[in-house]
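Look over the sequence and the model first.

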Amino acid sequence: MPANPRNGRPYRELCARQRALGMPCWICGHDIPYEITGPAAGTHRWAFTLDHLVPLSKGGDLLDPANARSAHRRCNSARGNRQSAKVEGTSRRW
């Protein structure tokens with residue numbers, strides 16, 4: 001069974017570089033609470049996740065910094081593998 005490339009050092013370094021930029025969510029435009037880390041970040045809907053502008057299933061590169069974007073976990077999940085960034089209902093929370 002091949003190793004998961006998201007568990008490798010290059011992917012973790014890309015996530016760390018993107019997190020260090022402190023950018024808002026590219027999908028909804030609101031700030032991301034970067035202080036949410038550790039196990040809580042894996043389940044908290046407003047935590048940082050690395051999203052890909054061109055989804056991997058559509059040929060996007062996993063490790064290309066030009067394809068990496070900061071997003072809320074909720075926004076990233078709602079977007080799925082669509083290339084449009086419109087997420088219904090995200091603005092109601094804000």
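The face of helix H1 turned away from its buried side carries the exposed residues Arg 9 and Ala 20. Exposed means over 50% relative accessible area, buried under 20%, and partly exposed in between (1.4 Å probe, protein chains only). The model is predicted: local features need pLDDT of at least 70, side-chain atom pairs count only at pLDDT 80 or more, and totals for chains, interfaces and linings use all residues. Residues are numbered from 1 along each chain as its sequence is written, and side-chain values use heavy atoms, leaving out hydrogens and water.

**Helix H1**
- H1 spans residues 9–21, which is 13 residues. Helices (H or I, at least four residues) and strands (E, at least two) are DSSP runs, numbered from the N terminus.
- From first C-alpha to last, H1 reaches 19 Å, close to the 18 Å expected at 1.5 Å a residue. That expected span is 1.5 Å times one less than the number of residues.
- Just after H1, Gly 22 has a positive phi of about 65°.

**Buried side of H1**
- Tyr 11, Leu 14, Cys 15 and Gln 18 are the buried residues of H1.
- These buried residues line one face of the helix, because they fall within an arc of 100° seen down the axis of H1. The arc is that of the directions from the helix axis to the C-beta atoms.
- Their cover includes strand S1 (48–52) and strand S2 (68–72).

**Gln 83**
- Gln 83 lies in the segment after helix H2 (73–79).
- Gln 83 is partly exposed, at 49% relative accessible area.
- Gln 83 touches Val 54, Pro 55 and Lys 58, not counting residues up to four places away in sequence. Contact means heavy atoms within 4.5 Å.
- Gln 83 and Lys 58 are 25 residues apart along the chain, with their C-alpha atoms separated by 8.6 Å.
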